[in-house]
Structure formats: structure tokens, C-alpha cells
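Reader: I have a model open and want to read its packing. Please take me through it feature by feature.

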Amino acid sequence: MSAPSPLPAAPPRPPAAPPRPYAFPRFERRTLANGLTLVVAPVRKLPVVSVLAVVEAGADTDPAGKEGLAQLTARALVEGTADLDGAALTDRLERLGTALDASADWDAAVARMTVLTERLGEALALMGRVLTAPAFPEREVERLKAERLADLLQLRTEPRGLADEMFDRFVYAPEARYARPDGGSEASVRAVTRDDVARFYAARYRAGATTLVVAGDVSADDAERLVADSLGAWGGARPEPAPGADRPAPGGRRVHVVAKEDAPQSELRVGHVGLPRTHPDFFAVSVMNSLLGGLFSSRINLNLREAHAYTYGAHSGFDWRRGAGPFAVSTAVASDVTAPALRETLLEIDRMRAEPVSEAELSLATSYLDGVFPIRYETTAAIAAALANLHIYGLGADYFDRYRERVRAVTAADVHRAAREHLHPERLQVVVVGDPAAVRAPLEALGVGPVSVYDAEGAPLA
Amino acid sequence: MRIPVDTFRLANGLFVTLSEDHTAPIVAVNLWYHVGSANERAGRTGFAHLFEHMLFQGSENVGANEHFELVQRAGGTLNGSTWLERTNYFETVPSNQLALALWLEADRMGRLLPAMTQQKLDTQRDVVKNERRWSVDNQPYGTWWERLPALAFPPEHPFHHSLIGSMEDLSAASLDDVATFFATYYTPDNAVLTVAGDFDPAEARRLVEQMFGSIPRGDGSRPPLPPMDVPPTFGRPLRAVVPDDVMLPRLFLAARAPVFGSDAYYPASVCGAILGMRKGSRLHRSLVRERQVANEVTAFTFDLAKGSDLLVVDVTARPGVSAETLEREVARELDQLHRGGVAEDEVRRATALIATDLVASMQSASERADQLSKFATYFGDPSLINEQAARYAAVTAEQVSAFARERLGPENRASLLYVPKDAEDGTRDADAASDASDPQREAATAAATGVVA
């Protein structure tokens, strides 16, 4: 198959033309008289607007024993208001061509919608009622609980989600909020009542703890007028921030096998507690992770997929949260190569710490992160989400204007230091959702740490 | 909203669409080859997709894995995907890197084979087998994607067989297959190229001609697809029950529907939205909110442009609800729609949601380019992108009701029902008082895996 192609010589590989300038959309931040923060980015490309209501009521504010309350409260917001039941509210929004999706992640509760410009006023009026006068009908709260319990049940035979959940459980200390699912466990969800939801709402959903982000085909003045109409009468000061949620599990490196008999593949997670979003090494760590396992052409993916064909894909990532979210390598490998795939993963983590990357390799990550920046913010929804993060993590008004220069400023020495300081081979927790008969003995022979076997609910097996 | 569309065709048959948008220094390059799993020969299921993987393994002037690296170094995103009727390849790059993206696509369209080796094929074969394990074999309900078309299309039909392919057929694929498939299908006259975003039209045209102009058209050996036409309905209920390693019963129910883009397609698409798009849809309102027998529902069309489309309803049971109850509840909703039709306000809810999605999706250069390529590939006319909003807005309740009357009766339903392997837990209602199920009949259906009338 090495016959020369019959075509004329190919044109030479073309160089890049001079780059055209790009600026992240301009935005304005205003504070309403009731303490509500408004952020508006006018983007006039198409007649569409995205709105995000960000409330300081994320899963990290769940009371102990009632984990999942923040998520249930956010989801129950859109299940009825004082004057519209859940079905009628849904119908009103959808006739406007939009849907109000509300959920809570670790750091905030977020209600989001994208709507055509001509219907923005009506949609914002409904959003205002949802935020200020939710009814939390008992029947709907109980239904949402039942749906969460069904999701948890499904997880027992869903290896990807199960691996993620078990990984959190083994990486964090048992009492840490991050050790448990953001949506709550079976016991904690069952313990939540409709009154808990109403109390949580009263304590956390307040104008002073809420930021409205509006991005799209609207001026700052028009947005302010519409938001003031729908939310201006809302009150409430900002409550206390959430306590820390990120205490790591004690002890050293361990291997946790979660049994899925006869599984043709092992879902593999390897990692430890990472860093909070506001850590000063954010840029160096982001570049380092891109090279380790963040990019297709990263070391771990090229090794596990292209050199060894163990997997369809392998990836590493730091989950950036207000507290220290997890760092994890994630992949699914054929059962019979589980131990070799783990060995190669550990070797790549060691290699990243052992010596600085070359300038050529460094530039793969820095030029990617620099160049891809405008592509990330093509849509009003993406721009609004970025501005929400700016607010949640207090990143500074010039953050997006300086992002690209800060990426370009990362050096090979910075990457090496980031790897040495923030990758911890001795603390790695390994989770394998797979067939114990196929993987246990090879994993023990690899000698990376004690191997334990659990069932799909995390109970130890002999 | 009007997407600008400018087209031309090179002498070698390559159809090119240019669509300018200078709001950001970004450009999307998107190539559709009019070949998919439907074109595979017997014994080579999965080959179109395996071949897609090989297109990222380099070409005469591009090293193994260099395609990904060059695009990512340029600050771009990229991927490819394989579907029943087509395979697409796409990258979005900073606009000053347009020439590189075009050069990479042209090199693999014109000069792929010199870079192909047995080792690369063996590696990608194993990668794809792992993709199969990951997305199909080791995923709850993961086989639905190959079982439902197998149930809904007759055995000889090009849409019947598995897109990801069987392990056996993947093992059998050879370098000769790669060479033949490439020569047959990866020719400029069987492809459309779209460039969308920030570029100078004269410069873009010059680059396209320079990069792609010397690639020869196909030699005419491309075999036509076998006849794809099927009757408008199955003619009888089709049903398969699959015991699987799952916790909850889940029903995939397919109806034959008018092909994508035809006049009759739009009422069918709106009917799907009325049934299962978002929480205000009929199935969500009835089965999830009111009767609480389902945990999740959705409905969608495959958007197949040849032979027959499929409208699919996908419903997962609540814990404690039997497979039989789930099936009966879905049938009740479909019967009601089939007999009673829809109201005008249901149509307006659906078309309002679709209208917003159409505008919002056009914000992304990649999505714009992909849609332009789609209309160019299937209908030779990318400007159809600008007619979609009006086509949906014109749909009436009468048209949707007629579709439901003609196509949603019991004789046009193919049911693929997943039940927990451990039938004791999953097929029987926990709350027997609320549902008079017949345990004997349930035991019989849970044991059967074939198609039964």
C-alpha cells in the first residue's frame, strides 16, 4: 500500500495568515436597589437572548443528612408558583418557545433559559415569579424525589456514572460533602420533606444572593428595566457562605474494584483531590493537564488509545469548583488489559512530574487554549455561562480579556512545577468498575496498593 | 434570520457552499461524504465507521495522529461522525487558519492510501471494538441502537444492520477493503464541502480550487443503493423483548414516518415534538407528571432522507412499574393521538420551541456548516436551511392529526422492550392494587427475545 498517489504534487502545508482581533463580549455589571446583581452582555448576532439566574444555593450548602436538598429545591422551583400549577407554568413558558431549566451544581443553583428577543419580556416575567413565589406543591416535590431515587437505582448498572460516584466516595473523607453525590443518596433524599424545601428556599433564595446574567440581543438598559419589573420587589440579604466540603480521605494509594460481573470493559478512574478554582496555579495546571490527558494528542490518550489500543479514549481533568474538586484520569478499557492500562496511566503521571515538557509540546497546549478561546463563546448560552462563572468564583472583570495572555505566559518550568506540586502519585485512589474475576488478580500483581472489592452500592465483598 | 448561502461546483464534481459571518474570527470547515453504514456490503458491518477512524491516521503529507495535533495546535476543534446515510468530518478553527483546515481535508480526500498500514488498521480496529464495548455492550440499554433498526427495517434493507458493526465483521476488515471503499466513495463528486464563518469569499474560493481542484472524480464504480422504499406502515405490530442488565423497564417504540425534508416530514416532526419534546409534551405531562408511571420520556425522528424515516418514542419506567404497564400506558397515549388527533395550541407550543432551537443553533459556525452540508448532500440545495422556520410555522393541527391517523395506529408500531434480567424485580408492579397485571403473560414475554407479531 505504498504506491505513490496518482495526483499532482500536493500544495505545501499552508502557514497561518495573520490572526484577526477578537475581544470577549463587553458586559456591564449593575446592582439593583434590592441588592440583586445584574450582568448584561449585549450580543447582536441573532435575535436570541440567554438568561441565567445564579443563586448561592448550590449542593455545597446542603445540610448534613439532607444531601440533595439544594438540587431538589432548584428543580422544584419550576414546578408551580402561587398562581400557576406546574403543568400550566411549563405550558406558558413553552408557548413562548422556551423552557426554564433549573438545577443546582456544587457551587450554585442556576435557572436558565434561551428565548427569542421578541418574547424576552414575557419570559422574564415568568422567571421572576418562579424565583420569588414558588409554591413547592407537595405532590411535585415527592415526584422529583422519586425521580432522583430512580436515577440512583439506574446507576447500579450504569458503569460510567457508578465509577464517578464511587471515585468521589473514595477520594474524599466520609464526612466531606464532596464525598457524596450532589443530588443526594437514597437515604438523604428520602429524608427530605416539602417543608425542608420551603425552608431551604426561604433561607437561601434571596435578591442579595442572586445574580441575573443576560447575554444576547438586548441593551443593558432594556435588560435592567425588564429585570427590575420582574424581580425588583424581591428582598432578602445574602446568607452565610457554605462551609468547606473538600476534606480528602486519609491514607495512601488504594485500588477499589466495584463488581460488575462479566463486564466486557472496566471503567477506570485514577486520581485524588485537586484544587479550588481560585488557586493561583490555575493556568499552569490547566496547561499541564491538557498535555497529560486533556487533549486528544495528550500523553495519556496517545499512549492508551493510539499506542496500545486499550480504549476508545482516555482523558484527565481537574473539576474546578469553589472548594477543591477532584482530579481524575477517566477511561474504559477492555477487561483483560485493565492492569496494564493502569500501569501506563501511573507511568504517564510519573513522567509528567519527572522532567519538564519540551517547548514544542508546551506550545501544543498553550496555542490550543489561546486559539480556541473565541470558539468557546459563539453562543449566548456559552457567554452567559462564562459570565456566571466569573461571578461565582470572583475572577475579576478583566479575566476574559487577560485569559489568552495568561495562557501564553505559562512556561515549561511552570508546567513542571505544577505537576510536581499538584499531582500526588502516593495519594492516588483507583476505582475499577468491572469484572472482579478478570481484574482482581492482575491488579494485585501490579502492586500499586491494597485491592478491595465492593458491590454496586459500595458495600465491601469478601 | 437569513443565513447567507453561496454555492459553486468544481470541475471534479465537488459541491461547495460558502456562508459568511464576520461576527467572530472563526471559520468552520465541514465535509459530508454521501456514504454511511447503508452502503456497507454483507459481512462488513461497521466498516463505514471504522473507515472514518482511518481518516484520522494521516495521509500522504500528514503523519499518523498529526491531523488532530495540527488542528488543535491551530486552536481548533474537530471530529467526525458516521451515520446510516453519510459520514462527516469537521473542524472549527481561528479564521486565519482556514487554509490549513482545507489543506488537511484535501490531503486525505486525495491522498489517503499512501499512509495506510496494517498496523494502523489493527490499532483502529481495536479502538473501535472498545468503542463498541463502551457505547453498546457495557451500557444499560446500549444495544437499542442496533436492535431498533433491525426490528423496524426488513433484513435486506440497508438500514437494517448495525452501524457500529459486529465484532466478527470488524475483525474481518482488511486493507484491501480500505482501498476499495476509499476509491469507491471518498471522491469529490460524492462529497460536499461547506465553509461557514469569517473568510473572504474570493480567497476561500481560490483556496478550495487550489487544494481540491486536482483530485480526480470517481471512476463511476459507485454502486447504487438497493431499493430503499418500504410501505408506509409495518402492516402489523412488531415486538421484541430484551432481558438485559438493567434496573428498570424501558420501551423504544418506532413508527415509520415520511422521509426527512419531504412535505409530509414536517407534520411528523411536529407530532414527535407534541409527544415528547420537553416537559409540556403529552407523554411527559401524562406519564411522568400526572400518572407517574415513567421516569423519563422523549420522542424524536431519526431524520432519514431515504426510504422511510422513523419516529421514536423512548420511555423509561418508574421503579415498581412493570414493563407491561409501561407498554400499555404508552399504547393508550398513542391510541388517543391516533384517534383523536391534536389541538392547534399543541402545535403552536411545539413549533414555538422548534423555532427558538432553529435560531439558537445557528449561532455556532460548526452547526451552521453541518446543516448546510446536510441540505446540500440530501437535496443538492443548502439554501433550504432558510426555509425550515417557515416549513415548521406552516404546519397545521389538521396535518399533524392526519399523520397520527395514518401512521400511529397499532399496525405501525415496532416495540423494543427492555426488561431487567432478574424478571422478579422488574416486570411486576410493586403496587398490585393500582394495576391488574397478568403475571403469566409477563413471564412469557420476558423470556422471548425474537420478533413476535
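Reader: How are α9(A) and α15(A) oriented to each other?

Author: Two packed helices are described by the angle between their axes and the distance between the axes. Here α9 (residues 282-294) and α15 (residues 412-422) of chain A pack at about 85°, axes 8 Å apart. Axes are lines fitted to C-alpha atoms, for helices over the stretch in contact, and angles run from 0 to 180 degrees between N-to-C directions. α9(A) and α15(A) are therefore roughly perpendicular. The classes are: under 35 degrees roughly parallel, over 145 roughly antiparallel, 65 to 115 roughly perpendicular, the rest oblique. Helices (H or I, at least four residues) and strands (E, at least two) are DSSP runs, numbered from the N terminus.

This is a predicted model: local features need pLDDT of at least 70, side-chain atom pairs count only at pLDDT 80 or more, and totals for chains, interfaces and linings use all residues. Residues are numbered from 1 along each chain as its sequence is written, with chains lettered from A and ligands numbered from 1 in the order in which they are written.

Reader: Which residues of α9(A) meet α15(A)?

Author: A contact needs C-beta atoms, placed from the backbone, within 7 Å. From α9(A) come A284(A), V285(A), V287(A), M288(A) and L291(A). They meet D414(A), V415(A), R417(A), A418(A), A419(A) and H422(A) in α15(A). By class, the residues of this contact are eight nonpolar, one polar and two charged. Ala, Val, Leu, Ile, Met, Phe, Trp, Tyr, Cys and Pro count as nonpolar; Asp, Glu, Lys and Arg as charged; the others, Gly among them, as polar.

Reader: Into which domains is chain A divided?

Author: Domain 1 spans 28-231, and domain 2 spans 254-387 + 396-461. The bounds come from an automatic or database domain assignment. In chain A, the C-alpha centres of the two domains lie 29 Å apart. Across their contact, 28 residues of domain 1 touch 26 of domain 2. On the domain 1 side, α5(A) gives the largest share, eleven residues. That side has 18 nonpolar, three polar and seven charged residues.

Reader: How many residues does each chain bring to the contact between chains A and B?

Author: Chain A gives 69 and chain B gives 73. On the side of chain A, α4(A) supplies the largest share, seven residues. That side comprises 39 nonpolar, 16 polar and 14 charged residues.

Reader: What share of chain B is buried?

Author: Buried residues make up 57% of its 453 residues. Buried means 20 or more other C-beta atoms within 10 Å of a residue's own, exposed 12 or fewer, partly exposed in between; C-beta atoms are placed from the backbone. Chain B holds 17 helices and eleven strands.

Definitions and conventions: Two residues are in contact if their C-beta atoms, placed from the backbone, lie within 7 Å.
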